[in-house]
Each structure stands twice: as C-alpha cells, then as structure tokens.
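Let's take a friendly walk through a protein chain together. Have a look at the sequence and the model, and then read on.

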Amino acid sequence: MKKKEFKTESKKLMDLMINSIYTNKEIFLRELISNASDAIDKLYYESLTNKKMKIKKDDLEIFVSIDKDNHTLTISDNGIGMTKEELENNLGTIAKSGSSDFKKENEHKENIDIIGQFGVGFYSAFMVASKVEVLSKKYGSEEAYKWTSSGVDGYTIEEADKESYGTDVILTLKEDSEEEKYSSYLDTYEIESLIRKYSDYITYPIKMEIEHTHEKEKKSESDKTEYETVKEVEVINSLVPLWKRDKKDVSEEDYNTFYSDKFFDYEKPLKHIHVKAEGTIEYNALLYIPSHAPYDFYTKEYEKGLQLYSNGVLIMEKCSDLIPDYFSFVKGVVDSPDLSLNISRETLQQNRVLKTIANSLENKIKKELETMLKENREEYQKFFEAFGMNIKYGIYDQFGMNKEKLQDLLIFASSNDRKFITLDEYVEQMKEDQKHIYYACGETLDKIEMLPQVQRAKNSSCEVLYCTSYVDEFALKTMRNYKEKDFMNVADASSDFSSSKENEELKKEQEKDKNMFEEMKSVLPEVDEIVYTSELDEHPVCLSSKGEISIEMEKALNAIPQEQSIKAQKVLEINFNHEIVKTLRNLYKEDPDSLKEYAKVLYSFSRMIEGLPVENPTEIASIVCKYMSK
Ligand code: ADP
C-alpha cells in the first residue's frame with residue numbers, strides 16, 4: 001500500500017503537535033469528542049430536511065472505550081462518517097483552515113498556550129498517540145475505509161470493514177516516558193474525569209463501559225461474602241448544562257450547588273446572574289458574585305476570568321478578556337455558539353464576539369450591583385466589605401478612565417452614626433452653602449472619629465465620609481469631584497469651617513505672633529507653616545496638610561518600598577482658644593529655649609494624633625519628663 005505524504009502545512013502542524021512541550025496534552029480528548037459531536041450534528045440536521053433518512057435522536061451517541069491489552073483508546077460516534085475522499089481531504093490536509101497562519105503568528109511565542117485554549121482539532125491526537133487510525137463509514141454508503149498514520153512521514157487509506165455508519169478514532173498510545181504517563185489514558189477513572197472536565201456539556205450522551213463490583217447474593221446466611229464484577233454502560237456527561245436551561249426550571253439550590261461544585265467555594269454566593277442573549281450574538285451566561293473574597297484575591301496569584309464554552313464544549317478555563325479588572329471577583333461560565341472552537345479561523349471576528357459579550361456582561365454585573373445597593377443595603381455592605389477595595393482600585397486604575405462607571409458603586413461609613421452612604425446620598429443631604437464633600441482618613445472608624453478635624457467638621461454640621469483603607473483617598477483624588485462638588489480631606493489646611501469674620505481675627509493674631517512661629521519652626525524642619533485655628537474644641541493642636549499629598553497618602557506611599565520618601569506639606573494648627581497659647585507667648589518673651597522644646601512636644605503630639613510615628617521619641621520623652629518633674 002502506498003504511503004501518501006501530508007500537505008506541507010499539515011506536516012508542520014503535526015510536527016508541532018508531536019513535539020509539543022505543551023503540558024496540557026489531555027485536551028486531545030476534548031478535541032476528538034467535539035469532532036464526534038460535530039459529525040453527529042451534521043447527520044442530525046441533514047435528517048431534519050431529508051425525510052428519507054431515518055435518524056432517531058435518542059440513538060445518537062459517542063462511545064469511548066479502553067483496550068488495555070492493545071494499549072488503545074477509541075472514540076466512536078454514529079455521526080455522518082467520511083468517504084474515502086473526505087478522509088483524504090479532511091485528515092490529509094488542513095489547507096482550508098487558518099491554523100498555519102496562526103502558527104506563524106505565534107511562532108515567536110515560546111509557550112504555545114493557544115493550543116490548549118482553542119485547540120487545533122484532530123491533529124492534537126498525535127500529542128498522545130504513536131499511531132492514529134480512523135475507521136469511517138459515510139452515512140448511506142456501503143464501503144468503509146481506514147485512514148492510518150504514525151506521524152509526519154505520511155498516511156495510508158485502505159478499504160475496511162465497519163458495520164454501521166459513523167467514525168471510530170483509534171489511538172495507540174505512546175509509551176510512557178519520564179515526563180508523561182500516557183498509560184493514564186487507559187484508566188477508566190481518568191478518562192471519565194477528563195470527559196466531565198472538558199466535555200460535560202456536549203449535547204449527545206458520551207458513554208463508557210464502567211466496571212462495578214457488587215456483593216454477590218448469598219444463598220444462605222452462612223455463606224462467605226463474595227464479590228462479582230459487572231460491566232455497565234453509563235452516560236458520563238450531564239447533557240443539558242444549567243446555563244442553557246430555562247430560569248424557571250432552575251431552583252436556587254441548583255444554582256448554588258453548581259456554584260460550589262464548579263468553583264470550589266462552600267459559602268453560598270451573594271447573587272447569581274443568568275443571561276440568555278439572543279440577537280446578533282447569541283450566548284448564555286451564568287455569573288456569580290461570591291459572598292467573600294478568596295484568600296488570594298488581593299494577591300497577584302489571583303487570576304480573573306470566566307469559563308468559556310462554545311456550544312457546550314469548554315474552550316478556555318479562565319477567559320480574562322470577558323471580565324474587566326474591577327469586576328475580577330465575578331465567577332461564572334459563558335457559552336456561545338458564535339465562538340468557534342478553533343480561534344485560528346478568524347481571529348478578528350472572534351475578538352469582536354468576545355468583546356460584545358464582555359461589554360454586555362459588564363453592564364449586567366453593574367446593574368445587578370446597583371439593584372443590590374438600592375434594594376438590599378445590608379447585602380451590599382457585605383459585598384462591599386469583600387470587594388469594595390477592588391472597585392476603588394478600578395477607579396484610580398488607568399488614570400481614572402473608568403471612574404464614571406464605578407463612582408456610584410462606592411459606599412462610605414459617614415459621621416452620621418457611621419451609616420454607610422453613597423456619594424449621591426451625601427450630596428443630597430449637603431447643606432446649601434457647603435461647597436465640598438468632606439472626608440477623613442484613619443486606620444479605624446474609632447480613630448477617625450477622634451480626629452480633631454472631624455470634630456470641627458461635625459461642629460459645623462458637615463457630614464464627613466470615613467476612609468479606613470489606604471486606597472480610599474487615592475480613589476477620591478482620582479475622581480476629584482462628584483456632581484461638581486470637590487472632595488476635600490478635613491485635614492487639608494484649606495478646609496475651613498468657621499465664619500470669615502472669625503477668620504480675620506485669627507489672621508490678625510497670627511500676624512502678631514509671626515516671629516514666635518518662626519522661632520518654633522526653626523526646630524521643626526518638617527513643618528511648612530504654623531497657624532492658629534478656632535475650631536478644635538478642647539484639643540490643643542492638630543496636624544494638617546496642604547497641596548496634593550495628604551498625610552494619609554504619605555503613610556500609604558511610604559509603605560511601598562522605594563528610594564525616595566514622599567512627604568506631605570505639613571501645617572501645625574494650634575487651638576487659639578486653648579490655654580497653651582498664653583504659655584507659648586510668655587515663653588517667647590522670657591524663655592526662648594523652652595519655647596523650642598514646647599514646639600517639639602506639640603508637633604510630636606500632633607503627629608501621634610494623626611497616626612504618624614514620633615521620629616525622636618527619646619528626646620520627646622526626656623523633654624516631657626523634665627517639665628513633669630518641675
Ligand atoms: P475542525 O474540526 O476544526 O474542522 P479537525 O482537524 O478537527 O478540524 O478536523 C478536520 C475535519 O475532519 C473536520 O472538519 C471534519 O470534516 C472531519 N472529521 C474529523 N473528525 C470527524 C468525525 N469523527 N466524523 C466525521 N468527520 C470528522
């Protein structure tokens with residue numbers, strides 16, 4: 001029998017498959033099962049228009065069998081089958097497909113990851129098999145043929161015997177090597193789990209013969225227990241995926257069980273979103289919003305993405321393009337018949353489909369969150385505790401490109417009983433003459449509430465948003481304003497809650513004490529300015545900042561290892577109504593050395609109140625003790 005050569009392109013692709021260093025060799029099974037399913041589809045659809053064909057839907061099936069003695073794995077279907085010419089054209093060449101273009105495009109990429117993601121069909125069999133035989137009989141034909149190949153050197157086609165129409169793909173597995181145990185594909189359990197993993201939702205039954213060991217029935221009580229092994233044919237796949245079912249046929253429990261099985265999370269999800277889209281692009285999606293962040297969520301190990309199916313066949317475990325970074329917590333599956341298994345064909349078109357699906361999913365997720373925010377604040381708070389940080393990252397990421405989309409998903413605890421409110425609610429409740437949206441930063445709500453600046457805002461009946469996470473302020477700074485109201489940190493020196501008349505008087509006093517402040521500043525190189533304030537109740541001092549960098553940002557930025565440390569421009573505010581002012585004025589006249597020591601102590605106190613470290617604690621301790629011992 002004459003051996004025929006593969007067409008050059010096929011040869012190249014086969015070479016790639018045979019020598020593939022690709023670790024995910026197991027996907028060959030998915031590819032062959034998908035081909036089988038396509039062949040059955042073709043037969044079935046033909047029969048719908050051709051009355052002469054007597055095809056019963058219930059008979060259509062894929063059968064996977066293992067022959068340990070011969071070291072073979074066989075995938076059989078009762079689909080359309082192939083003629084001699086078709087065997088030749090379909091398996092001898094891949095001229096029509098774009099696979100070679102795809103290969104060229106990706107040649108420079110070391111890891112040929114794309115094989116696993118989109119598959120290159122039939123040829124992937126050569127990743128695990130030393131010999132591939134395809135025994136096929138076309139529906140309606142009398143003859144059957146067998147195509148055989150052991151690799152790049154070519155293939156043969158000969159007449160063969162096959163009882164009924166359809167195709168058997170018989171793989172003689174490669175010998176085990178150190179890196180790869182090909183014999184694991186002879187293990188029933190392994191094959192079963194691969195079918196469940198990759199082909200669970202193929203719409204035709206995938207059957208296998210499974211051995212079961214039963215206890216033999218005893219003839220009398222005194223008999224020894226004996227076992228017998230029986231072979232039973234079982235359907236391995238679950239046939240209709242949850243996401244393709246009608247919403248009314250799926251119970252809450254079904255949704256939850258599916259979620260925990262699929263995503264290994266034993267806590268119930270907060271929400272599910274079931275989408276059935278029809279129109280120019282058809283797809284089904286089932287998305288979940290988890291109720292807590294996975295342990296690695298805020299690390300770089302976490303991979304976002306949705307499972308992507310094409311007509312029930314898994315093509316990608318985690319398709320990251322389907323979900324924007326700020327919604328990376330969403331889990332789920334997407335299934336679209338408009339995505340072909342083989343990306344090689346029309347890469348561009350594929351991307352367009354993916355993009356359209358991604359856009360509409362993003363809108364759906366956003367709507368769902370907005371509804372939750374409106375209708376169930378408690379649940380939303382739970383969501384926000386877990387993933388709010390991610391939304392805030394989303395706001396300042398990419399220079400605020402997505403801020404408009406996300407700003408209404410933010411909530412903050414507010415000075416009004418620490419209730420969580422949205423920015424919109426804040427603005428609604430603002431005093432008429434209030435120009436800014438005020439916020440305050442600190443480690444905990446308790447600490448924030450104790451800040452003198454928060455007290456003074458409350459005294460002038462301004463609501464304050466409490467920011468306990470370091471990303472908060474970065475997000476607010478990126479947004480700059482909301483509904484035309486600028487954000488302002490209460491610790492910003494330009495925030496001012498007193499009347500202008502009061503202010504003028506203070507300015508005069510400040511002017512009087514200009515030289516005293518200069519004297520004090522001479523020992524406080526970090527302090528940009530010393531001012532009087534009248535808004536601190538009984539607190540003697542506070543520290544505020546001016547300019548772009550707030551004290552809270554200084555803390556966050558300096559927690560990141562980098563060469564230069566970043567400093568906020570600091571303003572030491574002294575309560576003009578406090579006793580300490582008299583003392584300072586006296587010292588300025590009578591004891592300038594002590595004035596300097598007082599300045600150091602006051603500055604250290606203001607740093608402590610802000611949660612900044614005291615940089616010279618030993619010096620401060622001895623100064624304070626000196627005065628305490630007097
Ligand atoms: P693809 O399925 O992406 O077109 P493949 O390399 O997997 O590419 O298969 C090439 C062709 O071989 C298929 O398009 C189909 O026409 C034919 N083929 C493969 N497997 C079968 C099968 N089990 N039954 C009938 N035809 C098949």
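The chain is divided into domain 1 (11–213), domain 2 (242–375), domain 3 (410–489) and domain 4 (500–628), with bounds that come from an automatic or database domain assignment. Between the C-alpha centres of domain 2 and domain 3 there are 35 Å. Please keep in mind that this is a predicted model, where local features need pLDDT of at least 70 and side-chain atom pairs count only at pLDDT 80 or more, while totals for chains, interfaces and linings use all residues. Residues are numbered from 1 along each chain as its sequence is written, and side-chain values use heavy atoms, leaving out hydrogens and water.

Next come the salt bridges. A salt bridge here is a side-chain nitrogen of Lys or Arg within 4 Å of a carboxyl oxygen of Asp or Glu, and the structure holds 39 of them. Here are some examples.

| Pair | Closest N to O |
|---|---|
| Lys162 and Asp168 | 4.0 Å |
| Glu443 and Lys447 | 3.5 Å |

How exposed are some of these partners? A residue is called buried under 20% relative accessible area, exposed over 50% and partly exposed in between (1.4 Å probe, protein chains only). Lys162 is buried, because its relative accessible area is 15%, and Asp168 is buried too, at 17%. Glu443 counts as exposed at 54% relative accessibility, whereas Lys447 counts as partly exposed at 44%.

Patches are made of residues with over 30% relative accessible area and no salt bridge, with like charges joined within 9 Å and nonpolar side chains (Val, Leu, Ile, Met, Phe, Trp, Tyr) within 5 Å. Glu142, Glu143, Glu159 and Asp161 form a negative patch. Asp161 sits in the loop between β5 (155–160) and β6 (166–173); helices (H or I, at least four residues) and strands (E, at least two) are DSSP runs, numbered from the N terminus. With 75% relative accessibility, Asp161 counts as exposed. A positive patch brings together Lys247, Lys276, Lys364 and Lys367. Lys367 belongs to helix α8 (residues 347–375) and is exposed, at 57% relative accessibility.

Definitions and conventions
Accessible areas come from the Shrake-Rupley method with a 1.4 Å probe; for residues, only the protein chains shown count as cover. Lys and Arg count as positive and Asp and Glu as negative; His and the chain ends are not counted. The place of a charge is taken as NZ of Lys, CZ of Arg, CG of Asp or CD of Glu.
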